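Subject: Handover of a structure and notes on its contents

Dear colleague,

Please find below the structure that I am handing over to you. My notes on what was found in it follow directly after.

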Amino acid sequence: TTRDGDSLLARVRAAPMTNGGLITGTVVTAIDLFGTDASRDDQQRAAARAAVRAAVLSRAGMQLGTSLDTGRTLAALAEILVPAFADTCVVALLNENGVAERLVTVPSPDAAPCPPMRSGTEIHYPARHPCDRALRTGRPVLIQGAPRVKALDPDEECDRKSLLLDAKSLIAVPLLAPSGVRGVLAIALTEDADPTPRYDTADLELVEELAARAGLALENAAMFDRQRTLALALQKSLLPTDLPLPDGVSIRVGYAPGAASEVSGD
């Protein structure tokens, strides 16, 4: 609300002011998304879009990070965005060979039928594809219209859909971890509408925020996997390699970590 009592729709960002590592204040900037010449219909559409963004962030706060399973975390991320915010969402992570591996493909329920790319499929994005640029540069990409890449053969039509080459608007954001780029998250609007929706910089910032949260969740999942692998290796090393074979007795050996003891108790 302005000092004159009028309402406006604005994008607001806040950043801390620091001095010697201590927070001494806050810098707040606000941008009027439409200005005084915006029509009421434009303002209503923008308000509805802002409400969708808020709902998406709210769902992300409740769902991301609740699981230490990588596949479940990525699936939850995609289902947050489709169909509320996108017609299609895809997520690929870099494997140990540095090749993108598609793990999640979530299309809108109303999308044209086409078998989704199988989880674990290696995917080589064409040059200049937004996902390729996000993976190479570690920076988000927002485009309007279909990506300008080499045309595919007619029998690759389903691959065309999986690569989001029919997009009317597309956002690709790298999934970042302390070690660098771990993968890419891409969303697209592919269906025609009147008026045809388009992503903007506010949408890009939203997807960046989701990708940052997802990156943290993935890092926690990877840390859990490493610790679990070490624990299993320790458990296996504690088991005897040979067992005595007394007459009339069958012997088995196992290792069970204690659940109630604060120290040891295995």
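A salt bridge is counted here when a side-chain nitrogen of Lys or Arg lies within 4 Å of a carboxyl oxygen of Asp or Glu. Before the details, please note that this is a predicted model, in which local features need pLDDT of at least 70 and side-chain atom pairs count only at pLDDT 80 or more, while totals for chains, interfaces and linings use all residues. Residues are numbered from 1 along each chain as its sequence is written, and side-chain values use heavy atoms, with hydrogens and water left out.

Salt bridges

A search of the whole structure finds two salt bridges. One of them joins Glu209 to Arg213, with the closest N and O atoms 2.9 Å apart. These two residues are four positions apart in helix α5, so about one helical turn separates them. Helices (H or I, at least four residues) and strands (E, at least two) are DSSP runs, numbered from the N terminus. Glu209 is partly exposed, with a relative accessible area of 34%, and Arg213 is also placed in the partly exposed class, at 30%. In these notes, buried means under 20% relative accessible area, exposed means over 50%, and partly exposed lies in between (1.4 Å probe, protein chains only).

The salt bridge between Arg136 and Asp132 likewise has its closest N and O atoms 2.9 Å apart. Both residues belong to helix α3 (residues 130–137), where they are four residues apart, or about one turn of the helix. Arg136 is exposed, at 56% relative accessible area, whereas Asp132 is buried, at 16%.

Just after α3, Gly138 adopts a positive phi of about 70 degrees.

The sheet

Six strands make up an open sheet, in the order β5-β4-β3-β8-β7-β6, with antiparallel pairing. The strands β5 (121–122) and β6 stand at the edges and have a single partner strand each, so one side of each is left without a neighbour in the sheet. Two strands are said to pair if DSSP finds at least two bridges between them.

Strand β7 (residues 169–177) is mostly covered, with eight of its nine residues buried. On one side, β7 pairs in the antiparallel sense with β6 (residues 141–144) over four bridges. Within this pairing, Ile143 has Leu170 of β7 as its bridge partner, and Leu142 has Ile171. Strand β7 is also joined to β8 (residues 180–189) by nine bridges, again antiparallel. Here Leu176 stands opposite Val181 in β8. The strands β7 and β8 form a hairpin, with two residues between them.

Helix α5 (residues 201–238) lies across β3 (88–94), β6, β7 and β8, and runs at about 35 degrees to β7. For this angle, axes are lines fitted to C-alpha atoms, for helices over the stretch in contact, and angles run from 0 to 180 degrees between N-to-C directions.

Nonpolar cores

A nonpolar core is a set of buried Ala, Val, Leu, Ile, Met, Phe, Trp, Tyr and Cys residues joined through side-chain atoms within 4.5 Å. The largest such core has 29 residues, of which Leu81, Phe85, Cys89, Leu175, Leu185 and Ile187 touch the most other members. At least two residues of this core come from each of α1 (40–63), α2 (70–81), β3, β4 (100–107), β7, β8 and α5. Helix α5 gives the most, with seven residues. Apart from this core lies another, of 20 residues, including Val90, Ala134, Val141 and Leu163.

The aromatic pair

The structure holds one aromatic pair. Phe85 and Tyr199 form this pair, which is stacked, at 5.7 Å centre to centre and 25 degrees between the planes. Phe85 lies in the loop between α2 and β3, and Tyr199 in the loop between β8 and α5, so the pair ties together parts that are 114 residues apart in sequence. Rings of Phe, Tyr and Trp (its six-membered ring) pair if their centres lie within 6.5 Å; planes under 30 degrees apart count as stacked, over 60 as edge-to-face and the rest as tilted. Phe85 is buried, at 1% relative accessibility, and Tyr199 is buried as well, at 2%.

Yours sincerely

Methods. Contact means heavy atoms within 4.5 Å.
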